[in-house]
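Me: I would like to go through this model and ask, term by term, what each label rests on.

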Amino acid sequence: NAFGQVPVLGDGDITIADSNAILVYLASQYDQTHTWLPIEPAKAAAVQRFLSVAAGPVASGPGTARLINLFGAQLDHPKAIETAHNLFKILDKHLAAQDWLVGGTPTIADLANYTYIAHAPEGDVALQDYPNIKAWLQRIEHLTGFVPMQASKIGLAA
């Protein structure tokens, strides 16, 4: 990766960097049903919107809070927690009306947003006030082939 970041995916002669770009590539290349990345314009745009949410407020909120706690990043922890809760209020309301972020089936939008939200408590961002987010996380965790990311022990007291 020219930016020196992970993840990077090698697929034959193709190298893709950036988690969202990897999701778009995999869905475009291998999902013949167009379920994970819909081709219908309004749904495709909605997926893109939530990919932007993953790269924006999810990364700068729960992602940053976790980075501070686990790896000692010198960033603004209260601001990251505030960003996370502001986002979670919106997402919880959105998920009150539907099971998935976009449409009636899971998409790459759900995958892109899942990890930092699921691991938000590692950054001191509690999820107990967000029952719809918690139910959505469980739906993702029950998808066929789901493999959880292990909770980190770095920087956490025993």
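Me: Why is Asp-124 called partly exposed?

Reply: Asp-124 has a relative accessibility of 49%, and the class of partly exposed lies between buried, under 20% relative accessible area, and exposed, over 50%, with a 1.4 Å probe and protein chains only; therefore Asp-124 counts as partly exposed. This is a predicted model, in which local features need pLDDT of at least 70 and side-chain atom pairs count only at pLDDT 80 or more, while totals for chains, interfaces and linings use all residues. Residues are numbered from 1 along each chain as its sequence is written, and side-chain values use heavy atoms, with hydrogens and water left out.

Me: Where is Asp-124 placed, and what is its phi?

Reply: Asp-124 sits in the loop between helix 4 and helix 5 (131-141), where helices (H or I, at least four residues) and strands (E, at least two) are DSSP runs numbered from the N terminus. Its phi is near 70 degrees, a positive value in a residue other than glycine.

Me: What makes Asp-18 partly exposed?

Reply: Asp-18 has a relative accessible area of 41%, so it is partly exposed. Asp-18 belongs to the loop between strand 2 (14-17) and helix 1, and its phi, near 90 degrees, is a positive value in a residue other than glycine.

Me: What makes the nonpolar surface patch?

Reply: Leu-67, Phe-71 and Leu-75 make this patch of about 280 Å². Patch residues have over 30% relative accessible area and no salt bridge, and nonpolar side chains (Val, Leu, Ile, Met, Phe, Trp, Tyr) are joined within 5 Å, whereas like charges are joined within 9 Å; a salt bridge is a side-chain nitrogen of Lys or Arg within 4 Å of a carboxyl oxygen of Asp or Glu. Areas come from the Shrake-Rupley method with a 1.4 Å probe, and for residues only the protein chains shown count as cover. Phe-71, in helix 2 (residues 41-71), has 48% relative accessibility and therefore counts as partly exposed.

Me: What volume does the largest pocket have, and which residues are closest to its centre?

Reply: Its volume is about 1300 Å³, and of its 38 lining residues the closest to the centre are Pro-7, Ser-19, Leu-111, Ala-112 and Thr-115. On a 1 Å grid over the protein atoms alone, a pocket is an open set of points where a 1.4 Å probe fits, with protein on both sides within 12 Å along at least five of seven lines, and lining residues have an atom within 4 Å of a point; the volume is the space filled by probe spheres set on the points, which are joined across faces, edges and corners. Helix 2 gives the most to this lining, with 9 residues.
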